[in-house]
Amino acid sequence: MERTADPAGPVVVAVLTYRRPEVLTRLLPELARQARLLGAGTRVLVVDNDPDASARPAVERLAIPEAEYVHEPRPGIAAGRNAALEAATGADVLVFIDDDETPDEDWLATMVAAHRRLRGAAVVGPVLRIHETEPAAWVRWARVFDRRRMATGTPMEAAGSGNLLLDLAHVRRHGLRFADALGLSGGSDHLFTKELRRAGGAIYWCDEAVVREHVPASRLTGRWTMRRGYRSGGTSVLVDLMLARTRREELSVRARALVAGAARVVVGAARALLGVVTRNPEHHGRGAWTLARGAGILGGAVGHTVVEYRRP
C-alpha cells in the first residue's frame, strides 16, 4: 500500500453548492473559523455549480478573507468536484464538505490530524443526519440515511465526498479525476475513491470528524426512498462496469448483477409484502429497500441509470 509523504502543507476546504445561497450564510463563517484555527494558509473554496452564479452575491456579502469563489457552470457534481481539484493549487490537502452539512466545532482539525497520523491517500468521516420531519415508520426502517460507525483507522474500500479528505500529492501523481459521465447520475465519488484504492492509496475512517446533514422533508417520503434505492443499486453496477478493464470483466459484472438483482427483487418483495400484511414496519421498510436496490441493480446491468441531479 502506497504511503504518502508527511502531509504538513496547506489545506483547502471545498464546499460545493447549487442554488442554495442561503445555507452559505450559516456554513461559511464556521468553515472560516476552523480554517483560521488550523492556520498554515488554510483557505475555503466555494464552488458554485449554478450557471447563473447564484452563490456569488452571498459570498461577496459575507466578505470572508479565507473564502474564495469559484464558478463552474458545467452541469454535474463531478464538474464541481474537478473544479475544486483544479482550484486547490499550492495545497497538499483538499477536504470536501456539502453545502447542506454542518461540521462539528473541531471537525477540520480532527480530519487533518488523522491524515497526518495515518498518512493515507484519503480520510473519510461520518455524516450524521438531522431530519426536518419524522418519516413514516417503514421509511425509518429502510435505513436509507443510516451510516455505520467504525473505529478510527479502519481501512475503507470506497467513500462518498460529503466528508472526505484527499491527499493531493497522491491524486496528482496518478492523474485522478471525477468522471464527468457520472456527473448527473451520481456515483463519481465512489468511482474516484475506488480508483484511488486501485492506484495503491489507503482510505482511512476517522470516527471523531463528524458533520451533520440537514435532510429536508422532501427526502423523507416513501417515493424518494424507493427512488434512492433504485439509483443506489444502479450506480453500484455502473461504477463496477467503469472499473472493468476488459470485455470479459464487463460481461462478468453484468452477469453477477443480473443474478444478484433478481434475488434481491424476489426476497425484498416477499419481505415487504409480509410487512404490509402483518403491519410490521421493519419487514416493510427493509423489504422495500432490498426490492428497490435489486431493481436498480437489474437496471444497471442492462444499461439503465437514474439522473439524480437533473437540471431544469
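These legends describe close-up views of a predicted model.

**View 1. Three strands make an open sheet.** The strand order is β5-β11-β7. The pairing is mixed. β5 (101-103) and β7 (127-131) stand at the edges. Each has a single partner strand, so one side of each lacks a neighbour in the sheet. From one strand to the next, the twist averages 30°. Strands of a sheet pair through backbone hydrogen bonds, either parallel or antiparallel.

**View 2. β5 pairs with β11.** Strand β11 covers residues 211-215. The two strands run antiparallel, and three bridges join them. Look for threonine 102: its bridge partner in β11 is arginine 212.

**View 3. Helix α1 packs on the sheet.** This helix spans residues 21-38. It touches β5 and β11. The direction of α1 makes about 25° with that of β5.

**View 4. Helices α1 and α4 pack together.** Helix α4 is formed by residues 107-118. The axes of α1 and α4 lie 8 Å apart, at an angle of about 45°. Angles under 35 degrees count as roughly parallel, and 65 to 115 as roughly perpendicular. The two helices are therefore oblique to each other.

**View 5. Side by side, these residues make the contact between α1 and α4.** From α1 come Leu31, Gln34, Ala35 and Leu38. From α4 come Trp107, Leu108, Ala109 and Val112. Of the residues in this contact, seven are nonpolar and one is polar. None is charged.

Conventions. Residues are numbered from 1 along each chain as its sequence is written. This is a predicted model: local features need pLDDT of at least 70, side-chain atom pairs count only at pLDDT 80 or more; totals for chains, interfaces and linings use all residues. Side-chain values use heavy atoms; hydrogens and water are left out. Two strands pair if DSSP finds at least two bridges between them. Helices (H or I, at least four residues) and strands (E, at least two) are DSSP runs, numbered from the N terminus. Axes are lines fitted to C-alpha atoms, for helices over the stretch in contact, and angles run from 0 to 180 degrees between N-to-C directions. Contact means heavy atoms within 4.5 Å. Angles under 35 degrees count as roughly parallel, over 145 as roughly antiparallel, 65 to 115 as roughly perpendicular and the rest as oblique. Ala, Val, Leu, Ile, Met, Phe, Trp, Tyr, Cys and Pro count as nonpolar, Asp, Glu, Lys and Arg as charged, and the others, Gly among them, as polar.
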